[in-house]
Amino acid sequence: MTAIPSRSSPLIPRLPPSPSTLFAAKAAKGLTFAELSKELGRDEVAVAAIFYGQAQASEVDIRKLSEVLEIPHAQLNEQLSGFPDRGHTVDMPPREPLIYRLFEIVQNYGYAYKAVLNEKFGDGIMSAIAFTTKVDKEMDEQGNAWAVITLRGKWLPYSRF
């Protein structure tokens, strides 16, 4: 299963050239992001972010992806070198249902998160740069699957000036 949208998706023109290359090779190999993450030594969300052009790929990432996915190194190096241009993939509000639900969580609980975080840490923000995230799957006693998303960001207190 691939995570790249269909060719008719409005997301396609917003993506750099690398996603088409990477997703086609991933599908041909039948690999998951979890399997690729083990090869790269990175979290599966970080690997997926590279696929969408939302995270910077290191030379080691490029070399390993080239080897595992059997994509010429020169081609991947050309497509993945440089700095990502983040933030262009999602409309606001999002229209893709799963992404919309994540947005909806922030709409519904954003101020509650803010209040609890401010009580615990003081006036500041959670970094999305000094940041890690992971996705886990839990099963309950009835056999229902639960998505567990962990967001871990460095706390950045506001400075006085």
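Helices are DSSP runs of H or I with at least four residues, numbered from the N terminus. Under this scheme, Glu 104 is found in helix 6, which covers residues 97-121. The model described here is predicted.

The chain has six helices and two strands. From the N terminus on, the order of elements is α-α-α-α-α-α-β-β. Along the principal axes, the C-alpha atoms fill a box of roughly 50 × 50 × 30 Å. The chain has 161 residues, and 23% of them count as buried. The accessible surface of the chain comes to about 11500 Å². Carbon and sulfur atoms account for 58% of that surface. Contacts were also examined by sequence separation. Among those between residues at least 6 apart in sequence, 52% join residues at least 24 apart. The chain carries 18 positive and 19 negative charges.

In soluble globular proteins, nonpolar side chains tend to be buried together. The largest nonpolar core of the chain has 21 residues. Those with the most contacts inside this core are Leu 22, Phe 51, Leu 65, Leu 69, Leu 76 and Leu 80. Five elements are listed as giving two or more residues to the core: helix 1 (18-29), helix 2 (33-40), helix 3 (44-51), helix 4 (59-69) and helix 5 (73-80). Helix 3 gives the most, with four residues. The surroundings of Leu 76 can be described in detail. Leaving aside residues up to four places away in sequence, Leu 76 touches Thr 21, Leu 22, Ile 62, Leu 65, Ser 66, Ile 71 and Ser 81. Leu 22 and Leu 65, both among these partners, are also listed with Leu 76 among the residues with the most contacts inside the core.

An unreviewed UniProt entry places the feature "active site" at Arg 101, Glu 104 and Ser 127. Two of these positions were examined further. Glu 104, in helix 6, has a relative accessible area of 25%. Glu 104 is therefore partly exposed, as its value falls between the 20% and 50% limits. Ser 127 lies in strand 1, which spans residues 124-139. The relative accessible area of Ser 127 is 6%, so this residue counts as buried. Beyond residues up to four places away in sequence, Ser 127 touches Gly 153, Lys 154 and Leu 156.

With residues up to four places away in sequence not counted, Ser 37 touches Arg 42, Asp 43, Glu 44 and Val 47. Of these partners, Glu 44 and Val 47 fall within the range of helix 3 (44-51).

Two backbone features occur in loops. The peptide bond from Met 92 to Pro 93 is cis, with omega near -5°. Pro 93 is found in the loop between helix 5 and helix 6. The other feature concerns Glu 70, in the loop between helix 4 and helix 5. Phi of Glu 70 is near 55°, a positive value in a residue other than glycine. The relative accessibility of Glu 70 is 60%, which is over 50%, so Glu 70 counts as exposed.

Methods:
Residues numbered from 1 in each chain as written. Predicted model: local features only at pLDDT ≥ 70, side-chain atom pairs only at ≥ 80, totals over all residues. Heavy atoms only, no water. Buried < 20%, exposed > 50% of the residue type's maximum accessible area, 1.4 Å probe, protein only. Contact = heavy atoms within 4.5 Å. Areas by Shrake-Rupley, 256 points an atom, 1.4 Å probe, with all protein chains shown as cover. Lys, Arg positive; Asp, Glu negative; His and termini not counted. Charge placed at Lys NZ, Arg CZ, Asp CG, Glu CD. Core = buried A, V, L, I, M, F, W, Y, C linked by side-chain atoms within 4.5 Å. UniProt positions renumbered as here; feature names shortened; annotations may be inferred.
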